[in-house]
Amino acid sequence: MEQLGDLEAEIMDRVWSARGPMAVRDVRGLLDRPLAYTTVMTVMDRLFRKGWLARERSGRSYRYQPALSRSAYTARLMSEVLSGAEDRGLTLLHFVETMNAAEYESLRSAVQWHEGQRRRGGDDDGTPTA
């Protein structure tokens with residue numbers, strides 16, 4: 001999985017923060033730097049072709065929304081980093097040691113939820129309910 005470039009990440013940040021599908025002009029208006037409409041359109045089209053964005057026709061243009069949540073993207077990045085580790089368990093241990101108490105508790109709750117889903121043979125969509 002490739003990481004997002006600077007402009008791709010900025011665009012995805014705006015789309016992830018939106019409450020629904022966004023047109024190119026909407027995203028362009030929220031960016032921190034002035035860019036040509038065609039530049040934003042081209043990057044969003046590339047993000048669609050890479051599978052980061054979903055789109056639907058709206059008149060003569062498209063409206064875009066994330067194909068993957070921000071947390072799913074982050075999890076994929078973490079998994080990619082872990083795949084290069086010599087000892088995944090030790091790497092995870094070092095990662096856990098950097099967490100503050102709230103982050104650790106969040107992780108512990110997520111692991112407990114996941115274990116419960118496995119035991120029940122439930123539909124594990126990766127979303128804790130607690």
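Here are some worked exercises on the helices of this predicted model.

## Exercise 1: Helix lengths

**Task.** What span should helix 3 have at 1.5 Å a residue, and how far apart are its end C-alpha atoms? Then do the check for helix 1 and helix 6.

**Solution.** 

Step 1. Start with the rule: the expected span is 1.5 Å times one less than the number of residues.

Step 2. Helix 3 covers residues 37-49, which is 13 residues, so it should span 18 Å.

Step 3. Helix 1 has 12 residues, with 16 Å expected. From its first C-alpha to its last it reaches 17 Å, close to that value.

Step 4. Helix 6 has 20 residues and should span 28 Å; its end C-alpha atoms are 29 Å apart, which agrees.

## Exercise 2: The buried side of helix 3

**Task.** Which residues of helix 3 are buried, and what covers them?

**Solution.** 

Step 1. Pick out the buried residues of helix 3: V40, V43, M44 and L47.

Step 2. Look at where they point. They cover an arc of only 100 degrees around the axis, which puts them on the same side of helix 3.

Step 3. Here's the background: an α-helix has 3.6 residues a turn, so residues three or four places apart point the same way.

Step 4. Now find the cover. It includes helix 1 (6-17), helix 2 (24-30), strand 2 (53-58) and strand 3 (61-66).

Step 5. Finally, walk off the end of the helix. Helix 3 is followed by G51, which has a positive phi, near 95 degrees.

## Exercise 3: Helix 1 against helix 3

**Task.** What is the angle between helix 1 and helix 3, and which residues make the contact?

**Solution.** 

Step 1. The two helices pack at an angle of about 80 degrees, and their axes are 10 Å apart.

Step 2. Angles of 65 to 115 degrees count as roughly perpendicular, so helix 1 is roughly perpendicular to helix 3.

Step 3. Helix 1 brings L7, E8, I11, M12 and V15 to the contact, while helix 3 brings T39, V40, V43, M44 and L47.

Step 4. Sort these residues by class and you get eight nonpolar, one polar and one charged.

Step 5. Check burial on the helix 1 side. L7, E8, E10, I11, M12, R14, V15 and W16 are buried there. Besides helix 3, the buried residues of helix 1 pack against strand 1 (22-23), helix 2, strand 2, strand 3 and helix 4.

## Exercise 4: Two buried residues, V27 and M44

**Task.** Are V27 and M44 buried or exposed, and what does each one touch?

**Solution.** 

Step 1. Buried means under 20% relative accessible area. V27 has 0% relative accessibility, so V27 counts as buried. M44 also comes out at 0%, so M44 counts as buried.

Step 2. List the contacts, skipping neighbours up to four places away in sequence. V27 is in contact with I11, V15, M22, V40 and M44. M44 touches I11, V15, V24, V27, L53 and Y64.

Step 3. M44 and L92 are 48 residues apart in sequence, with 34 Å between their C-alpha atoms.

## Exercise 5: Helix 4 against helix 5

**Task.** What angle do helix 4 and helix 5 make, and how many residues of each class sit in their contact?

**Solution.** 

Step 1. Helix 4 (residues 70-83) packs with helix 5 (residues 88-97) at an angle of about 130 degrees, with the axes 9 Å apart.

Step 2. Helix 4 and helix 5 are therefore oblique to each other.

Step 3. On the helix 4 side you'll find M78, S79, L82 and S83; on the helix 5 side, R88, T91, L92 and F95.

Step 4. By class, that contact has four nonpolar, three polar and one charged residues.

## Exercise 6: The two sides of helix 6

**Task.** Which residues of helix 6 are buried, and which exposed residues does the face turned away from them carry?

**Solution.** 

Step 1. The buried ones are W113, G116 and Q117. Take Q117: its relative accessible area is 11%, so Q117 is buried.

Step 2. Seen down the axis, the buried residues of helix 6 fall within an arc of 100 degrees, so they line one face of the helix.

Step 3. Turn to the face away from the buried side of helix 6: it carries the exposed residues A101, R118 and R119.

Note on methods. Residues are numbered from 1 along each chain as its sequence is written. This is a predicted model: local features need pLDDT of at least 70, side-chain atom pairs count only at pLDDT 80 or more; totals for chains, interfaces and linings use all residues. Side-chain values use heavy atoms; hydrogens and water are left out. Axes are lines fitted to C-alpha atoms, for helices over the stretch in contact, and angles run from 0 to 180 degrees between N-to-C directions. Helices (H or I, at least four residues) and strands (E, at least two) are DSSP runs, numbered from the N terminus. Angles under 35 degrees count as roughly parallel, over 145 as roughly antiparallel, 65 to 115 as roughly perpendicular and the rest as oblique. Contact means heavy atoms within 4.5 Å. Ala, Val, Leu, Ile, Met, Phe, Trp, Tyr, Cys and Pro count as nonpolar, Asp, Glu, Lys and Arg as charged, and the others, Gly among them, as polar. Buried means under 20% relative accessible area, exposed over 50%, partly exposed in between (1.4 Å probe, protein chains only). The arc is that of the directions from the helix axis to the C-beta atoms.
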